[in-house]
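Have the structure open while you read.

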Amino acid sequence: MLMFDNSAQCAFVCSALSDPAKRRILEALSRGPLTLETLASMTGVSDVLIKDIIGEMESMGLAKIEEIEEKGIRRVFARALIPLYYDNDVEGLEELIKEASNEILDAFLKVVDKRQEEIEKAFSMNEGRHTLSSLINYCFAAAFRKACKELNEGREEEEHEAMKAWIKEEAKSLRRKKR
């Protein structure tokens with residue numbers, strides 16, 4: 001379930017997913033930060049258009065652009081703030097996912113049982129615009145989104161270091177070519 005901050009973000013994501021070029025960009029960025037040049041070559045989208053699309057994504061809170069300089073080489077990287085994954089996209093994690101899913105669901109249902117009155121009150125306050133099950137799904141999705149944000153806090157430094165390492169490798173490659 002996707003949750004959006006506002007309807008404009010929802011519209012942009014729906015537009016991005018329906019546009020093959022934007023979808024390729026989101027898919028590529030979901031695997032990790034990439035330089036704009038690499039992103040352009042991976043997706044077949046021109047350098048100029050990549051900058052525009054990433055700028056749009058950044059204004060909607062879907063991506064972030066970072067300029068990194070290391071060893072005298074400066075590169076502009078883009079990274080997804082809302083990664084896009086497909087079912088069974090990543091191999092080798094099935095058992096971990098199954099176990100985590102069971103534990104997360106058990107813990108969530110215990111909280112729902114304890115807070116049943118709040119859910120029923122919200123149902124009444126919203127005058128039946130939602131079913132009880134949709135409110136429970138909303139709570140789960142909102143809790144999941146909040147947990148993902150907390151899980152990713154402090155990881156920007158890790159990505160920043162990965163981008164620096166990428167530039168160092170590029171600098172080595174350039175030095176080898178000059179010889």
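Predicted model: local features only at pLDDT ≥ 70, side-chain atom pairs only at ≥ 80, totals over all residues.

Is the crossing in which H5 passes H7 left-handed or right-handed? H5 passes H7 in a right-handed crossing. Across the protein chain the mean pLDDT is 85, and 99% of the residues reach 70 or more. Helix H5 (residues 94–114) has the highest confidence, at a mean of 93, while helix H8 (residues 156–178) has the lowest, at 78.

Back to the packing. Two packed helices are described by the angle between their axes and the distance between the axes. Here are two pairs:

| Helix pair | Axes come within | Crossing angle |
|---|---|---|
| H2 (residues 20–29) and H3 (residues 36–43) | 10 Å | roughly 125° |
| H5 and H7 (residues 132–152) | 11 Å | roughly 125° |

That angle makes H5 oblique to H7. Who touches whom? On the H5 side you'll find Ile 104, Phe 108 and Val 112, and they meet Ile 136, Cys 139 and Phe 140 of H7. This contact is made up of six nonpolar residues, with no polar and no charged ones.

Now for the other pair. H2 and H3 are therefore oblique to each other, and H2 passes H3 in a right-handed crossing. From H2, the residues Arg 24, Ile 25, Ala 28 and Leu 29 meet Leu 39, Met 42 and Thr 43 of H3. Sort the residues of this contact and you get five nonpolar, one polar and one charged.

Notes:
Residues numbered from 1 in each chain as written. Heavy atoms only, no water. Axes fitted to C-alpha atoms, helices over the stretch in contact; angles between N-to-C directions. Helix = DSSP H or I, 4+ residues; strand = E, 2+ residues; numbered from the N terminus. Parallel < 35°, antiparallel > 145°, perpendicular 65-115°, else oblique. Left-handed = near helix turned anticlockwise from the far one by under 90°. Contact = heavy atoms within 4.5 Å. Nonpolar A, V, L, I, M, F, W, Y, C, P; charged D, E, K, R; others polar. pLDDT = per-residue confidence, 0-100.
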